[in-house]
Amino acid sequence: MEKFYESMYQLIVETSTKLPKDVRRAILKAKMKENAGTRAAMSLATISENIKMADDNVSPICQDTGLPTFKIKVPVGANQLQMKEDIKRAIAKATKNGKLRPNSVDSLTGENSGDNLGFGTPVIKFEQWENDYIDARLILKGGGCENKNIQYSLPCELAGLGKAGRDLDGIRKCILHSVYQAQGQGCSAGFIGVGIGGDRTSGYELAKEQLYRTVDDVNPNTDLQKLEEYIVEKANHLGIGTMGFGGEATLLGCKVGVINRIPASFFVSVAYNCWAYRRLGVNIEAASGKIQNWLYQDGEMPNLNETDATDEAAATLSREVVLEAPITEEKIRDLKVGDVVHINGMMYTGRDAIHKYLSDNEAPVDLNGQIIYHCGPVMLKDEDGQWHVMAAGPTTSIREEPYQGDIMKKFGIRAVIGKGGMGPKTLKALNEHGGVYLNAIGGAAQYYADCIKSVEGVDLMQFGIPEAMWHLKVEGFTAVVTMDSHGNSLHADVDQSSLEKLSQFKEPVFS
């Protein structure tokens, strides 16, 4: 199997950089339904441009390449030990070449291995079968959507939907609630895999396994087929929309599987996946390890950019404002929810480790009037020692809720950029301090990397590349004001309105 290592490297690169055809078709369908000139339309146009840029640059679609998970079927007698070592070598090479972000972190020390290898990473699941070839599939599921996975134990009480019992209708309620609770934090519009039954572990495994199905397949179980179709239709009536901005497209696909359970337990497990639905597969010749054919490549390849452009989609939005740090409180107080902001000049990245560090220590740079970007980029250093940004979309902001307001006040930070919004503590601090939250388009890692013109420096590299504080000079970096200094939050408004719409589906549907 001298070609297996090379085949695995190709699979990793293609999965990270090229969105499958079925996913592209689902995104195009959402674009065609969206109302022109809205924030959702602008987001979908940006997503489409980002997909094209990833194709052209052969760079990660989203900077968060997740925890690589392989599902491999092999003939009886295949050397799984050697295959596992080849996969690990391919993962390390892809990380070194900037196709994967170094994401493997020691859970106790916080130390990043730097090559995506470590105890439990990557995840490789082997299964023997009777065929004489290897079926290898890979999914890259980022942390933002992984954190919106949810598991229900029936019977239970659900906000907006009431009691969910141990029947198909109770399952229906759980799945609808899972979409509501994700809001925009999982980079909607998204996809979900659902596992019915099993125990807590096998239920989640079944849910994630559904994400290996194609978007347009048909469930052989008639009841589950009807359930899948119902969920996609009704979830798009919740009005959560792309990025949680409101709109017509909230869910692009739903796949449901079922296994047996024990009498005492009834679990419904949901694996949420963002629009950057990165999963591909290959069939491999068992003797040589050479790729025979690629999976998930059936059907037409849609042109996502044929209908509009980002600038055209944004043309009828609220007013547009240019920001450049240091920003005054007066400038911030003038901003309102819905404003589109274009940033020039400097900004500084800060994720989980940086926020914890800043809560206990002084900042390595003067942050007064500055902008913090919730981002863990993919970075490569050239032979001259200069860092280059390979991918740089926003990370989910709600994780910083315990720290954000206090840090803004402590250092005089005027704006933070992320995705999915933040909570009441941060909203209160924005009002008291004079700050603003800007929502960038989740997953648009190539689009935003193109806005970064240079890396001016880096601090706190002991936390690893994703968690370090990068000093970035940007031009035309676009985001939307979704929380302002006057107590307004688009995220809170969409949450409330979608909860009210969710309650419309309280009554039984499936007997």
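Ala, Val, Leu, Ile, Met, Phe, Trp, Tyr, Cys and Pro count here as nonpolar, Asp, Glu, Lys and Arg as charged, and the others, Gly among them, as polar. The model is predicted, with pLDDT of at least 70 needed for local features and 80 or more for side-chain atom pairs, while totals for chains, interfaces and linings use all residues. Residues are numbered from 1 along each chain as its sequence is written, and side-chain values use heavy atoms, with hydrogens and water left out.

**Exercise 1. Describe the largest pocket by volume, lining and residue class.**

Step 1. On a 1 Å grid over the protein atoms alone, a pocket is an open set of points with protein on both sides within 12 Å along at least five of seven lines, a cavity is a set where a 1.4 Å probe fits but cannot get out, and lining residues have an atom within 4 Å of a point. Points are joined across faces, edges and corners, and a volume is the space filled by probe spheres set on them.

Step 2. The volume of the largest pocket is about 990 Å³.

Step 3. Its lining has 41 residues, with Gly66, Leu67, Asn103, Ser104 and Val105 nearest the centre. By class, 11 are nonpolar, 17 polar and 13 charged.

Step 4. Helices (H or I, at least four residues) and strands (E, at least two) are DSSP runs numbered from the N terminus. At least two lining residues each come from strand E2 (123-129) and helices H5 (143-146), H7 (200-209) and H11 (352-360).

**Exercise 2. Which element gives the most to the lining of the second largest pocket?**

Step 1. This pocket has a volume of about 630 Å³. Lys29, Val232, Leu251, Leu252 and Gly253 are the closest to its centre among 26 lining residues.

Step 2. Two or more residues come from each of helix H2 (21-33), helix H8 (222-235) and strand E8 (251-258).

Step 3. H2 gives the most, with 6 residues. The lining as a whole has 9 nonpolar, 6 polar and 11 charged residues.

**Exercise 3. How many cavities of 30 Å³ or more are there, and what lines the largest cavity?**

Step 1. The count is 3.

Step 2. The largest cavity holds about 90 Å³ of space. Of its 17 lining residues, Cys62, Asp64, Gly143, Gly144 and Lys419 lie nearest the centre.

Step 3. H5 supplies the largest share of this lining, 3 residues. The classes are 5 nonpolar, 7 polar and 5 charged.
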